[in-house]
Amino acid sequence: MSPEPLIHATGLRKQFGDFTAVDGIDFNVQPGEAFGFLGPNGAGKSSTMRMIGCTSPISGGTLRLFGLDPATHGRDIRRRLGVVPQLDSLDQELTVEENLIIYGRYFDLSRAEARRRAVELLDFVQLTDRAKSRVEPLSGGMKRRVTIARSLINEPDLLLLDEPTTGLDPQARHILWDRLYRLKQQGVTLVLTTHYMDEAEQLCDRLVVMDAGRIVAEGSPRQLIEQHATREVLELRFPAGTNADNEAYALGIGDRHEVLPDRILVYAHNGDEALAKAIGAGAKPESALVRRSTLEDVFLRLTGRTLVE
Amino acid sequence: MNSMPLLRIVPPVVRIARRPQRMVERQLMCYRRTWPILLSGFFEPLFYLLSIRVGLGKLVGDVKVGGRILGYAEFVAPAMMASSAMNGAVYDSTMNVFHKLKYARVYDAVLATPMGIGDVALGEITWALIRGLLYSCAFLLTMIVLGLASSPWIVLSLPICVLIGFAFAAVGMASTTYMRGWTDFEFVPTATMPLFLFSATFYPISSYGSWAWVVQLSPLYHGVALVRAANAGQSSWGNVGHVGFLLTMAFAGLWVVSRRLQSLLVK
């Protein structure tokens with residue numbers, strides 16, 4: 001028998017008027033796990049996160065966190081959560097340090113304790129030198145790090161991150177990933193949403209792929225790729241507007257293929273072999289690329305659409 | 001909680017509020033660096049009262065109210081005090097709250113903690129009252145210095161102004177939850193200006209003749225009447241009615257605020 005899950009959801013639904021944002025999903029998150037929701041914008045990831053964060057009442061199904069019901073124990077659950085929302089909600093009227101201290105006060109920490117943790121956490125996110133700065137002049141990456149530091153002020157058992165690196169430059173993303181990885185090693189349970197497959201691959205032990213409010217696949221990043229994609233992918237680019245004419249070259253050279261607006265993808269165990277076959281048949285692509293399969297390919301396979309439009 | 005029926009006038013989310021003082025603490029943190037802004041509020045009473053004492057008072061002469069003869073400045077000063085309490089509360093609960101609600105998203109972050117809607121509503125209103133009380137103290141002091149206080153009972157004007165502030169802050173915050181953008185705030189002076197002018201502020205209610213009942217619908221009128229009664233040291237049953245009116249308004253506002261914040265922030 002596995003330990004009691006930290007989050008247990010069955011048939012979870014969220015309805016806004018006529019619109020169904022989350023359409024009956026089941027999932028469990030175990031203590032110490034890094035669990036991800038992968039999907040495009042509008043898949044229902046954020047609505048799910050807000051329900052888990054106990055700031056949005058559920059419309060149907062059941063949801064339990066730490067074995068408690070958010071409808072009756074929202075306050076007790078939130079006491080044990082750290083939340084990094086999609087939009088930074090830092091207090092613009094306060095300094096970086098004050099943001100952390102007042103947040104600690106919301107969790108009933110003593111002033112001295114809140115101050116002590118604020119110093120420690122700013123060091124953890126490498127922003128000690130900006131402690132006295134206002135929030136507004138900070139870069140996007142720095143604001144995100146402050147938000148993460150703030151979310152850790154109550155030493156949460158569960159950290160919720162809604163698109164933690166959307167809109168950040170590559171360097172800022174890597175700093176964030178590194179910090180999140182350290183938290184995970186310290187035993188903090190992470191639940192995050194993302195529409196970046198590389199982020200999911202880097203951080204998640206297990207993830208669910210969401211589309212239009214439903215879960216369409218579940219597993220570790222490796223399992224999902226093995227189940228729903230081939231080992232390699234051949235990307236063929238033809239002159240603009242001629243993809244349809246050139247589709248014939250993609251037939252039969254791999255397991256299957258996909259015609260996108262800007263390129264044709266061929267799924268094959270051996271990409272180089274497939275490319276050789278296409279050239280042999282007379283294909284004249286402008287460029288060709290062989291790469292390993294990613295979660296993006298899994299998503300494309302499952303939904304027929306790409307993750308980031 | 002059925003054993004305490006009085007508590008029922010308090011909205012449920014406010015009843016379970018445990019940490020409204022944290023919202024006040026946040027405000028104090030904000031003003032720790034920008035406290036000179038608070039000083040600006042002290043000039044308003046000074047200018048008001050000086051203009052009346054020096055100018056209007058001399059021109060208008062004495063006023064006869066309830067069988068007593070009062071200098072005009074003495075008559076108007078309590079009304080100015082009540083109006084200033086209204087203005088302060090309205091400003092704090094409309095512009096400031098709207099910014100935090102729609103743009104700064106302060107409350108979204110607050111609600112991800114053990115804090116609740118009741119803590120936010122009660123905390124923000126409490127802050128408006130504390131700030132209002134500071135200004136009322138300044139107003140009272142100015143009145144005393146300028147010789148406009150006629151009775152020691154005028155100290156009661158402080159709790160009265162807190163009550164006026166509570167009523168207007170609650171209703172102000174309630175209206176704020178319905179505002180769609182900054183342009184909607186143009187309606188705020190449209191509401192407060194006539195209240196300021198026609199709440200028996202500048203002339204006794206008897207001057208309104210058969211229209212006096214309209215004036216009595218103005219919440220500010222009830223505030224003005226109370227401060228005036230305090231300054232005159234007069235107690236009457238009518239004052240109970242004035243207090244009742246303002247309390248009703250305050251709790252009605254609090255109900256709307258709690259419901260609206262719930263539907264705006266917890267969705």
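Which residues lie nearest the centre of the largest pocket? The model is predicted, so local features need pLDDT of at least 70 and side-chain atom pairs count only at pLDDT 80 or more, while totals for chains, interfaces and linings use all residues. Residues are numbered from 1 along each chain as its sequence is written, chains are lettered from A in the order in which they are written, and side-chain values use heavy atoms, without hydrogens or water.

R50(A), T55(A), P85(A), R105(B) and D108(B) lie nearest the centre of the largest pocket, which is lined by 25 residues. A pocket is an open set of points on a 1 Å grid over the protein atoms alone, with protein on both sides within 12 Å along at least five of seven lines; lining residues have an atom within 4 Å of a point. The space in this pocket is about 710 Å³. A volume is the space filled by probe spheres set on the grid points, which are joined across faces, edges and corners. Helices (H or I, at least four residues) and strands (E, at least two) are DSSP runs, numbered from the N terminus.

In a cavity, a 1.4 Å probe fits but cannot get out. The count is 2 cavities of 30 Å³ or more. The largest cavity has a volume of about 60 Å³. Its lining includes S89(A), D91(A), R150(A), V106(B) and V110(B). Helix α3(A) gives the most to this lining, with 4 residues.

A nonpolar surface patch covers about 850 Å², and W35(B), F43(B) and L134(B) are among its residues. Patch residues have over 30% relative accessible area and no salt bridge, and nonpolar side chains (Val, Leu, Ile, Met, Phe, Trp, Tyr) are joined within 5 Å. A salt bridge is a side-chain nitrogen of Lys or Arg within 4 Å of a carboxyl oxygen of Asp or Glu. Areas come from the Shrake-Rupley method with a 1.4 Å probe. Helix α3 (residues 36-60) of chain B gives the most to the patch, with 7 residues. F43(B) is found in this helix. F43(B) is partly exposed, at 47% relative accessible area. Buried means under 20%, exposed over 50%, and partly exposed in between.

The whole structure holds 0 disulfides over all chains. A disulfide is a pair of cysteine sulfur atoms within 2.5 Å. For C161(B), the nearest cysteine sulfur, that of C137(B), is 9.5 Å away. C161(B) is buried, at 4% relative accessibility.

How values were computed: Patch = residues over 30% accessible without salt bridge, like charges linked within 9 Å, V, L, I, M, F, W, Y side chains within 5 Å. Buried < 20%, exposed > 50% of the residue type's maximum accessible area, 1.4 Å probe, protein only.
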